[in-house]
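Trainee: I'd like to learn how to read a structure like this one. Could you walk me through it?

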Amino acid sequence: IIDAGPDQVLCTDNTTLSGSQPNYGTGQWTVVQGSGSFADASDRETEVYDLGQGDNVFQWTIYEYEIQSDEVTITNNSPDNANAGIDQRLCSNQTTLFGNEPLIGTGQWYIMGGSAEISDINAYNSPVGNLSRGTNTFRWTIVNGECSSSDEVFIINDMPTTADAGVDQVTCADSIALFPNTPTVGTGEWSLVSGSANFVANMAYGIAVDENYFMWSITNNGCSSVDTVMITSHKPSDALPMAPLSICVDNIVLPGNAPQYGTGEWSILSGSAILADPSDPNTLAENLGLGLNRFRWTISYEECTSYAEFEVSNDQIATNAGADQTLCDDFTIMSASSPGVGSGQWSIVGGSGSAVFTNQDMATTEVTNLDRGDNLLRWTVTNQNMSL
């Protein structure tokens, strides 16, 4: 009795047939339905390849004293071979999956590593979002009955930590501390967009006056995230130091420096004076008080200031030797003005020079031995080598 072997249900496109052994004569396999390629059509246990999808019917025929045949059904339920697409390396947390579209079977995506949100797990070209940073593994499985085919794809998200350059700041200096976020993925670096600055870690030096824009960039494997911060410097020009002076007049041109940034103004800290124009760095100060006078030159830009102080000592003195006198004696009392600053001394300018002062250094003192006729006496007040 001829036998083509038991029917088979497979998940592959090849199998081994098992026809009965002829007593004598020869056998031959032929395709009745479907498709297949025999390794040796005359071998009762030949291997058959390239089975068609679904039912494939093969006939085993034995040629002896009579021709006998039997058929066997080989059902191929294998789905299309799954292809999950090529691996992807991204600078984003979203992309599109590129599995093959199944003609036989239905497909479904599975997340095998990492995390993500697949829009449609049954769509071969589904969008995917919220990819975790690093490697994410997806499996594309095509199922037909109890048969399946799978393939995996790696999607690497190299997106760095989102950059945050910090809040905008206003400073009165030419340096400032910056406060960007610390990256957990990638490395951060400052760069100049406009203005000027030198960066050392998170410090910016040499900031230009007015607006400066700095960029904080976080990079990871060629991917970057950037954010910009505005740093405004209202630093005025420096009010330059001024050496103190001593003068013997009651007026002076104040030696302030003209500001490049900001506006200046003089103020009187001590003493007294009349300022022609307080906003002029070289204004005239008149009617200086005797002794020490202190001025401040303040340069202001918005809320920021810089100042320097200037001291001028008015050593000017005024003196009066008293009224002329006509006498009937050779002596009298001299009554000169008392010096407010400095020291005074009497001297003989005209006459015989025989006059004698009881106390030559006193403004009010007696003088004797005056000559007949005119005697010219001088009262001299001296203050820091100035005499009047």
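**Reading the strands, loops and cores**

Mentor: Let's start with Thr-171, which lies in strand 15 (residues 169–171). Strands here are DSSP runs of E with at least two residues, and helices are H or I runs of at least four, both numbered from the N terminus. Before we go on: this is a predicted model, where local features need pLDDT of at least 70, side-chain atom pairs count only at pLDDT 80 or more, and totals for chains, interfaces and linings use all residues. Residues are numbered from 1 along each chain as its sequence is written, and side-chain values use heavy atoms, with hydrogens and water left out.

Trainee: Is Thr-171 buried or exposed?

Mentor: Buried means under 20% relative accessible area, exposed means over 50%, and partly exposed is in between (1.4 Å probe, protein chains only). Thr-171 has 11% relative accessibility, so it counts as buried. Leaving aside neighbours within four places in sequence, its contacts (heavy atoms within 4.5 Å) include Ile-176, Ile-231, His-234 and Cys-304.

Trainee: How many helices and strands does the protein have?

Mentor: Zero helices and 34 strands. The protein comes out at 55 Å, well over the 21 Å that the rule gives for 388 residues, so it is more spread out than a compact globule. Its C-alpha atoms fill a box of roughly 190 × 30 × 20 Å along the principal axes. Of the 388 residues, 35% count as buried.

Trainee: Which residues have the most contacts inside the largest nonpolar core?

Mentor: General idea: in soluble globular proteins, nonpolar side chains tend to be buried together. A nonpolar core is a set of buried Ala, Val, Leu, Ile, Met, Phe, Trp, Tyr and Cys residues joined through side-chain atoms within 4.5 Å. The largest one has 16 residues, and those with the most contacts inside it are Ile-252, Leu-254, Trp-266, Ala-285, Leu-288, Phe-295 and Phe-310. Strand 27 (291–301) and strand 28 (304–314) each supply at least two residues of this core. There's also a second, separate core of 14 residues, which includes Ala-84, Leu-90, Trp-109 and Val-128.

Trainee: How do strand 6 and strand 7 pair?

Mentor: Strands of a sheet pair through backbone hydrogen bonds, either parallel or antiparallel. We call two strands paired if DSSP finds at least two bridges between them. Strand 6 and strand 7 are antiparallel, over ten bridges, and Asp-55 stands opposite Thr-75 in strand 7. A hairpin of three residues joins strand 6 to strand 7. Strand 1 (residues 8–10), on the other hand, pairs with strand 7 in the parallel sense over three bridges, with Gln-8 opposite Ile-74.

Trainee: And where is Glu-64?

Mentor: Glu-64 sits in the loop between strand 6 (54–63) and strand 7 (67–76). Its side chain reaches the backbone nitrogen of Asn-23 at 2.8 Å and that of Tyr-24, also at 2.8 Å. The C-alpha atoms of Glu-64 and Tyr-24 are separated by 6.4 Å, though the two residues are 40 apart along the chain.

Trainee: What is the strand order in the open sheet of three strands?

Mentor: The order is 29-32-31, with antiparallel pairing. Strand 29 (332–335) and strand 31 (356–357) stand at the edges with a single partner strand each, so one side of each is left without a neighbour in the sheet.

Notes. The radius of gyration is taken over C-alpha atoms; the globule rule is 2.2 Å times the number of residues to the power 0.38. A polar contact is a pair of N or O atoms within 3.5 Å; within protein, one must be able to donate a hydrogen and the other to accept it, and residues adjacent in sequence count only if both atoms are side-chain atoms.
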